[in-house]
2 protein chains.
Amino acid sequence: MALTSGRQRTDVLTAIAQALRERAEQVVAANAKDLAAATEHGLTAAMIDRLRLDVDRVGKMAKAVDEVAQQPDPVGQIIEGWVRPNGLRIEKLRVPIGAVAIIYEARPNVTSDAAALCIKSGNAAILRGGKESFHSNLAIAEIIADALGGAGLPREAVQIVNTTDRELVPLLLRQEENIDLVIPRGGESLIRAVVEQSRIPVIKHYTGNCHVYVDAGCPAELAESVVLNAKTQRPGVCNAAESILFHQDVAATLLPAVGRKLIAAGVEIRGCERTRALLPEAKAATDADWAAEYLDLIVAVKVVHSLDEAIEHINCYGSHHTDAILTRDVTAADRFVAAVDSGNVMVNCSTRFSDGGEYGLGAEIGISTDKLHARGPMGAADLTTYKWIVRGAGQVR
Amino acid sequence: MALTSGRQRTDVLTAIAQALRERAEQVVAANAKDLAAATEHGLTAAMIDRLRLDVDRVGKMAKAVDEVAQQPDPVGQIIEGWVRPNGLRIEKLRVPIGAVAIIYEARPNVTSDAAALCIKSGNAAILRGGKESFHSNLAIAEIIADALGGAGLPREAVQIVNTTDRELVPLLLRQEENIDLVIPRGGESLIRAVVEQSRIPVIKHYTGNCHVYVDAGCPAELAESVVLNAKTQRPGVCNAAESILFHQDVAATLLPAVGRKLIAAGVEIRGCERTRALLPEAKAATDADWAAEYLDLIVAVKVVHSLDEAIEHINCYGSHHTDAILTRDVTAADRFVAAVDSGNVMVNCSTRFSDGGEYGLGAEIGISTDKLHARGPMGAADLTTYKWIVRGAGQVR
């Protein structure tokens with residue numbers, strides 16, 4: 001795969017998208033087997049909804065593959081280069097990582113998304129989806145293998161772990177000679193289990209406990225629109241806000257106004273004592289609320305004495321994912337940006353923008369909460385490494 | 001540390017270098033305690049030599065710290081940045097990683113080198129050197145803490161693990177909430193033990209099984225000078241060559257000539273059958289020789305049928321560290337560069353150039369044989385991560 005051209009990889013992705021559309025009924029039929037078993041095993045409605053495919057959803061999967069195809073090729077970029085005094089020409093060349101294993105839950109669309117990003121970046125992919133999606137994944141993988149084979153590339157470049165045996169995962173995670181990177185996608189317990197067992201480097205994608213801090217002097221309309229959007233536009237995703245902090249100088253005016261808008265939008269508020277004094281509708285927050293990732297229409301609200309207390313609170317209780325300040329004070333914005341230890345720091349906009357598509361990176365394989373290799377939204381370019389190329393004319397030391 | 005200015009960090013390093021010179025006798029006295037214990041415990045002469053400090057060697061440590069001080073500041077660089085159609089300004093800002101643990105053998109100079117690179121890049125350092133260097137490391141750490149404190153920075157930003165208890169290392173490696181990165185430096189067994197136990201991301205620095213491949217049509221003088229240099233200029237280091245491959249078209253002429261020069265330089269040759277037919281002085285190589293990292297005046301020599309056999313051999317038996325081709329054929333050079341899966345690929349120069357200083361990166365913390373985060377020579381900039389800064393004017397989704 002590392003020796004393929006960008007054209008070959010793009011053509012394969014286009015072929016996969018086309019075959020997904022043409023063979024959508026076949027994927028839906030395989031999915032029906034998974035759905036029948038899921039119903040039998042009593043999966044929750046939310047899990048079944050994530051598992052379910054119809055022709056329309058398969059069409060969306062195809063569209064996502066087409067979009068990855070159209071992204072610029074990350075492979076082959078000269079990241080840096082220079083000539084040394086002795087004439088050696090040094091280049092840092094972007095190349096695929098090699099083999100990437102992705103371990104995820106029973107969401108069949110992740111199969112085509114992850115395969116597309118791995119192919120785009122010249123990697124081989126080993127995909128292990130939740131066992132409830134076994135038949136769906138095999139059907140999607142067959143389409144991908146056919147497209148790879150049809151383009152003269154190895155059918156095996158994308159492999160589904162072809163068993164539902166749970167014992168296999170620990171064995172997979174010890175293949176450090178054969179697999180270069182593991183990306184777990186799913187709940188915290190899945191990710192922790194992978195980190196615990198893996199000898200292969202792991203990039204983690206924990207969900208986010210994202211904050212919006214409303215600074216002293218923040219205009220009412222800025223606080224209202226951004227807080228409402230960050231909390232309620234899509235509460236079940238990792239970049240939705242879970243905690244709102246108000247500077248005490250604006251708490252008396254802004255907290256009740258913003259709080260009542262949140263309540264009107266169906267949000268339950270869990271507040272500190274000063275919050276409850278200003279907004280009697282709020283329930284009492286416990287320490288656990290400051291660290292909670294509700295992924296739901298619930299929000300923790302706290303009044304802080306200062307910008308520095310807000311920063312300390314975020315660095316202490318947050319998940320280092322995405323945190324925002326709303327302010328008119330450039331000094332406060334600069335300090336917040338410098339001191340908040342998060343992968344994404346926002347000034348005067350919604351935390352919901354923390355997203356590969358919104359940043360202009362194209363499709364993302366997840367939002368890394370790690371600091372090594374990739375941090376924040378992780379696209380095809382983050383599935384590459386580099387090698388140093390040194391060209392000389394016989395130089396010796 | 002993340003909020004310090006580049007000036008502050010440079011000044012601390014200059015103060016450390018100065019104090020190392022002024023207090024060299026104190027370091028040497030502490031080192032004498034370690035040397036006495038080492039002699040008593042029967043350490044090898046090579047280990048004692050690596051452990052030994054005198055005023056001259058402490059002066060060299062000070063010089064290395066000064067050199068790190070003079071490197072450009074890696075922190076604060078805008079790696080990329082652009083404006084989105086909705087007006088959001090996106091910046092990818094280089095920032096320190098946080099807390100870096102370095103686990104190494106009984107080489108006290110690593111204590112000041114590693115501390116200097118961590119301070120330069122705005123990180124806190126947790127240093128665990130071999131127990132035989134305990135008193136030396138404490139003396140060096142005291143000088144570093146005094147310099148940090150004298151500049152108004154936290155004395156605790158560089159910490160020596162203040163015990164020789166081996167049970168502590170596994171505990172350290174589970175502090176994933178407090179330590180962001182572990183770098184083991186030393187032999188393969190040390191590194192494997194760290195990888196096995198760590199929940200914290202690890203960047204590995206294995207030693208190298210480096211190859212020089214002499215292609216068809218390679219001029220004699222190019223083969224002789226580069227092979228001799230790669231093997232003999234400093235055989236005990238990771239970027240020295242361990243295997244030489246000759247294309248069969250040049251083997252009859254070049255292999256005996258190069259082989260006899262290696263023998264004259266004191267090198268033992270272990271060859272394949274065809275090598276031994278051309279050079280009867282060569283011993284017979286076993287399969288283990290193709291994978292060996294001798295770090296000594298021994299070399300494995302093999303005749304290959306083709307460029308592709310050379311590439312396959314290198315990717316199969318090599319350690320993905322540094323491999324070189326000597327050729328006049330631009331197509332062969334391009335194929336070698338593309339297909340050899342190593343962190344450093346050289347064309348027509350010695351493998352010995354695989355080095356942060358030689359690349360112009362400044363002092364290195366090691367040469368990564370990993371593909372994630374940093375690959376090849378790893379300098380102060382590789383001890384950084386980035387955060388995404390998004391600035392808006394009230395944008396919502």
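Reader: Which residue is the bridge partner of Trp82(B) in strand 2 of chain B?

Author: Strands are DSSP runs of E of at least two residues, helices runs of H or I of at least four, both numbered from the N terminus; two strands pair if DSSP finds at least two bridges between them. Here the partner of Trp82(B) is Ile90(B). Strand 1 of chain B and strand 2 (residues 89–96) of chain B run antiparallel, joined by five bridges. This is a predicted model, in which local features need pLDDT of at least 70, side-chain atom pairs count only at pLDDT 80 or more, and totals for chains, interfaces and linings use all residues. Residues are numbered from 1 along each chain as its sequence is written, while chains are lettered from A and ligands numbered from 1 in the order in which they are written.

Reader: What is the order of the strands in the open sheet of 10 strands?

Author: The order is 10(A)-9(A)-11(A)-8(A)-7(A)-12(A)-13(A)-16(B)-2(B)-1(B), with mixed pairing. Strand 10 (283–284) of chain A and strand 1 (78–83) of chain B stand at the edges with a single partner strand each, so one side of each lacks a neighbour in the sheet.

Reader: Are the faces of strand 3 of chain A covered or uncovered?

Author: In a regular strand, side chains alternate between the two faces of the sheet. A residue is buried with 20 or more other C-beta atoms within 10 Å of its own, exposed with 12 or fewer, and partly exposed in between, C-beta atoms being placed from the backbone. Both faces of strand 3 of chain A are covered: Ala99(A), Ala101(A) and Ile103(A) are buried on one side, Val100(A), Ile102(A) and Tyr104(A) on the other.
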